Amino acid sequence: MNPDLIVGIFSAAFGVAYAVMSWNLPDASIGNPMAPKYFPLGVGVLAVILAIMLIVRGVGRGTVASKKKAPDKGYWVLIVGLIVCCLVYAFILEKIGFIISTIIFLLGMLFLVNGVKGWLANIITAVIYSVGVWYIFEKVFQLSLP
């Protein structure tokens, strides 16, 4: 079976479950009672739409022939590295704050994925993204980040 088809089916099921659970969120006590449901419902619907697109793509490609080739060991380094980055991020977020910990997290992930060749782009991306997200949440949404 095509991997796109498998992932699409599981993603569609997850998206439907997410949307149903979002619909069951409690109503807001003040203002628009549906307000807490809009964003999660949108995420669920978007997940289902993208999953359907992936399923259509998988059906269009048909089955993929097995090549009897061992998977590249570099994938394991990438998977373990990304898990370590996430664990470190979860550990340091409260201790050193959002901006610095997010920059460290993104730098770790970007260097794992892009390598050292794109070091300047990695640093610029990590700093701009971290400061940009902080600004949006702190100044625009007026939500405090750690």
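Guide: Let's start with Asp4, which counts as buried at 15% relative accessibility. Buried means under 20% relative accessible area, exposed means over 50%, and partly exposed is in between (1.4 Å probe, protein chains only). Before we go on, this is a predicted model, where local features need pLDDT of at least 70 and side-chain atom pairs count only at pLDDT 80 or more, while totals for chains, interfaces and linings use all residues. Residues are numbered from 1 along each chain as its sequence is written, and side-chain values use heavy atoms, with hydrogens and water left out.

Visitor: Which residue does Asp4 form a salt bridge with?
Guide: The general idea comes first: a salt bridge is a side-chain nitrogen of Lys or Arg within 4 Å of a carboxyl oxygen of Asp or Glu. Here the partner of Asp4 is Arg57, and their closest N and O atoms are 3.3 Å apart. The pair links distant parts of the chain, with Asp4 in helix 1 (residues 3-23) and Arg57 in helix 2 (residues 35-61), 53 residues apart. Helices are DSSP runs (H or I, at least four residues), numbered from the N terminus. Arg57 counts as partly exposed, at 43% relative accessibility.

Visitor: How many salt bridges does a search of the whole structure find?
Guide: The search finds 2. Asp27 and Lys37 form a salt bridge too, with their closest N and O atoms 2.9 Å apart. Asp27 sits in the loop between helix 1 and helix 2 and Lys37 sits in helix 2, so this pair ties together parts that are 10 residues apart in sequence.

Visitor: Are Asp27 and Lys37 buried or partly exposed?
Guide: One of each. Asp27 is partly exposed, at 49% relative accessibility, whereas Lys37 is buried, with a relative accessible area of 6%.

Visitor: How do I read the packing of helix 3 and helix 4?
Guide: Two packed helices are described by the angle between their axes and by the distance between those axes. The axes are lines fitted to C-alpha atoms over the stretch in contact, and angles run from 0 to 180 degrees between N-to-C directions. In this model, helix 3 (residues 74-96) and helix 4 (residues 98-114) pack at an angle of about 170 degrees, and their axes are 8 Å apart. That makes helix 3 roughly antiparallel to helix 4. As for the cut-offs, angles under 35 degrees count as roughly parallel, over 145 as roughly antiparallel, 65 to 115 as roughly perpendicular, and the rest as oblique.

Visitor: Which residues make the contact between helix 3 and helix 4?
Guide: Contact means heavy atoms within 4.5 Å. From helix 3 the residues include Leu78, Gly81, Cys85 and Tyr89, and from helix 4 they include Phe98, Thr102, Phe105 and Gly108.

Visitor: What does Ser130 touch?
Guide: Ser130 is in helix 5 and counts as buried, at 0% relative accessibility. Not counting residues up to four places away in sequence, Ser130 touches Phe98, Ile99, Thr102, Ile103 and Leu106. Ile99 is partly exposed, with a relative accessible area of 26%.

Visitor: Which residues form the nonpolar patch on the surface?
Guide: Patches are made of residues with over 30% relative accessible area and no salt bridge; like charges are joined within 9 Å, and nonpolar side chains (Val, Leu, Ile, Met, Phe, Trp, Tyr) within 5 Å. This patch is formed by Val116, Trp119, Leu120, Ile123, Ile124, Val127, Ile128 and Val131, with about 730 Å² of accessible area together. Accessible areas come from the Shrake-Rupley method with a 1.4 Å probe, and for residues only the protein chains shown count as cover. Trp119 is found in helix 5 (residues 119-140) and is partly exposed, with a relative accessible area of 48%.

Notes: Helix = DSSP H or I, 4+ residues; strand = E, 2+ residues; numbered from the N terminus.
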